[in-house]
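Please find below a colleague's note on the structure under review. The points are numbered so that each can be taken up separately.

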Amino acid sequence: MEEKLNKTENIFRNSTSPDLLFDAFQEAIKLKIKDPEIFKILLGNPALSTDEIKMFVEKLIKEFPRHAHELSIWAAKIFEHKDDYHNPLEDAVHYYKRAKDFKPDSFVPLLNLLSLYNYELDLPTNKVILEFVETRISAVQFKSKVYYALADHYKKIGDKQLEGKFLLLAEKSLGLENK
């Protein structure tokens, strides 16, 4: 089994053939390989197109639902840095939203979404990001982290009123979290 695992990892890491990657993926599923780290290597392979990455992510989420949050975050990070097609930001936002849906109490997808906000351009995704983050804080376990990030965001755009509001909420939440 160890030898097959190493062979699969080597293919995921080094192959430049999407067909070979797909075959190795099918074999990994048949072998019941459950380590998400192995599949992250596959998703990060630069030979894969955007559509192929999406296909693999969806198959992995279906196959390993308990790792859906982690796999969605990994996919979003890949799309954040993918510059060979026209919608990397929208795809990154999509997978961070999915990660949040898979694990509603996690603050990580919200902080990662906020990091995608573009302060130089007024992009439609900026509004989507803020609305999503602000409406999903209630389920987060450590709200102070998100509130501090929002306070910092509003400081960057010069909105003193909202900066103060979220700073106050952050300090109040931190006090509750430390009890």
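The note begins with the basis of the model and its overall build, then turns to one helix and to the salt bridges.

1. Basis. The model is predicted, so local features are reported at pLDDT of at least 70 and side-chain atom pairs at pLDDT 80 or more, whereas totals for chains, interfaces and linings use all residues. Residues are numbered from 1 along each chain as its sequence is written, and side-chain values use heavy atoms, with hydrogens and water left out.

2. Secondary structure. The protein contains 10 helices and 0 strands, and its elements from the N terminus on read α-α-α-α-α-α-α-α-α-α. Helices (H or I, at least four residues) and strands (E, at least two) are DSSP runs, numbered from the N terminus.

3. Overall dimensions and contacts. The C-alpha trace spans about 55 × 40 × 20 Å along its principal axes. Among contacts (heavy atoms within 4.5 Å) with a separation of 6 or more, 58% come from residues 24 or more positions apart.

4. Burial and surface. Of the 179 residues, 41% count as buried; the term buried means under 20% relative accessible area, exposed over 50%, and partly exposed in between (1.4 Å probe, protein chains only). The accessible surface is about 10300 Å², and 53% of that surface belongs to carbon and sulfur atoms. The areas come from the Shrake-Rupley method with a 1.4 Å probe; for residues, only the protein chains shown count as cover.

5. Charge. The protein carries 27 positive and 29 negative side chains, with the centres of the two sets 6 Å apart. Lys and Arg count as positive and Asp and Glu as negative, while His and the chain ends are not counted. Each charge is placed at NZ of Lys, CZ of Arg, CG of Asp or CD of Glu.

6. Helix α3. This helix, residues 36–43, is mostly covered, with 6 of its 8 residues buried: Pro 36, Ile 38, Phe 39, Lys 40, Leu 42 and Leu 43. The buried residues of α3 pack against α1 (2–14), α2 (18–30), α4 (50–63) and α5 (68–80). At the N-terminal end, Asp 35 caps α3 through a side-chain oxygen that lies 3.0 Å from the backbone nitrogen of Glu 37.

7. The structure holds 9 salt bridges, defined as a side-chain nitrogen of Lys or Arg within 4 Å of a carboxyl oxygen of Asp or Glu. In one of them Glu 37 pairs with Lys 40, the closest N and O atoms being 3.2 Å apart. These two residues are 3 apart in helix α3 and therefore separated by about one helical turn. Glu 37 is partly exposed at 42% relative accessible area, whereas Lys 40 is buried at 11%.

8. Salt bridges between helices. Lys 40 also meets Glu 70 in a salt bridge (2.9 Å, N to O). That pair links distant parts of the chain, with Glu 70 in helix α5 and Lys 40 in helix α3, 30 residues apart. Glu 70 is partly exposed, at 28% relative accessible area. Asp 101 and Arg 136 form another salt bridge (3.0 Å, N to O). Asp 101 lies in helix α6 (residues 88–102) and Arg 136 in helix α8 (residues 124–136), so this pair ties together parts 35 residues apart in sequence. Arg 136 is partly exposed, with a relative accessible area of 32%.

9. Network. Salt bridges with shared partners join Glu 37, Lys 40 and Glu 70 into one network.

Methods
A polar contact is a pair of N or O atoms within 3.5 Å; within protein, one must be able to donate a hydrogen and the other to accept it, and residues adjacent in sequence count only if both atoms are side-chain atoms.
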